[in-house]
Amino acid sequence: PVTDGSRELHSLCAQLEFLLQFDLKEKRSFFGQRKDYWDFLCQGLARCRQEHEGIHFVTSLDKLKTPVGRGRAFLRYCLVHRQLAES
């Protein structure tokens with residue numbers, strides 16, 4: 001079984017992050033906030049579905065402060081619930 005302490009999980013998440021951030025330009029919104037792949041995922045999933053459970057779960061976590069942390073939590077949520085391909 002794969003747990004949070006598994007090297008394989010950390011390696012997989014690192015590779016997924018690399019792919020999602022590949023060739024991503026340093027962009028900022030109108031108010032100066034950095035745009036990251038988390039913002040891209042939120043916008044893309046909002047267009048496809050009404051409310052994605054993973055987005056709702058991640059935004060409800062108060063400990064996550066950065067877009068990268070939210071993106072990592074979303075990837076793990078999708079892996080745990082076997083929704084990565086659909087998302």
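Is Cys 78 buried or exposed? Cys 78 is buried, with a relative accessible area of 0%. Buried means under 20% relative accessible area, exposed over 50%, and partly exposed in between, using a 1.4 Å probe and protein chains only.

## The model

This is a predicted model, where local features need pLDDT of at least 70, side-chain atom pairs count only at pLDDT 80 or more, and totals for chains, interfaces and linings use all residues. Residues are numbered from 1 along each chain as its sequence is written, and side-chain values use heavy atoms, leaving out hydrogens and water.

## Overall layout

The protein has 4 helices and 2 strands. Along the sequence they follow the pattern α-β-β-α-α-α. Helices (H or I, at least four residues) and strands (E, at least two) are DSSP runs, numbered from the N terminus.

Of the 87 residues, 25% count as buried. The protein exposes about 6,800 Å². Carbon and sulfur atoms supply 56% of that area. Accessible areas come from the Shrake-Rupley method with a 1.4 Å probe; for residues, only the protein chains shown count as cover.

Contact means heavy atoms within 4.5 Å. Among contacts between residues at least 6 apart in sequence, 47% join residues at least 24 apart.

## Helix H2

Helix H2 holds 12 residues, 37-48. At 1.5 Å a residue, H2 should span 16 Å. Its end C-alpha atoms are 16 Å apart, which agrees. The expected span is 1.5 Å times one less than the number of residues.

Which residues of H2 are buried? They are Tyr 37, Trp 38, Leu 41 and Leu 45. These cover an arc of only 100° around the axis, so they lie on the same side of H2. The arc is that of the directions from the helix axis to the C-beta atoms. An α-helix has 3.6 residues a turn, so residues three or four places apart point the same way.

On the other side of H2, Phe 40, Ala 46 and Arg 47 are exposed. The cover over the buried residues of H2 includes helix H1 (7-21), helix H3 (53-60) and helix H4 (67-80).

## Glu 17

Glu 17 sits in helix H1. At 9% relative accessibility, Glu 17 counts as buried. Glu 17 touches Tyr 37, Val 68, Arg 72 and Leu 75, not counting residues up to four places away in sequence.

## Cysteines

Cys 42 is partly exposed, with a relative accessible area of 23%. Cys 78, by contrast, is buried at 0%. A disulfide is a pair of cysteine sulfur atoms within 2.5 Å. By this rule the count is 0 disulfides.
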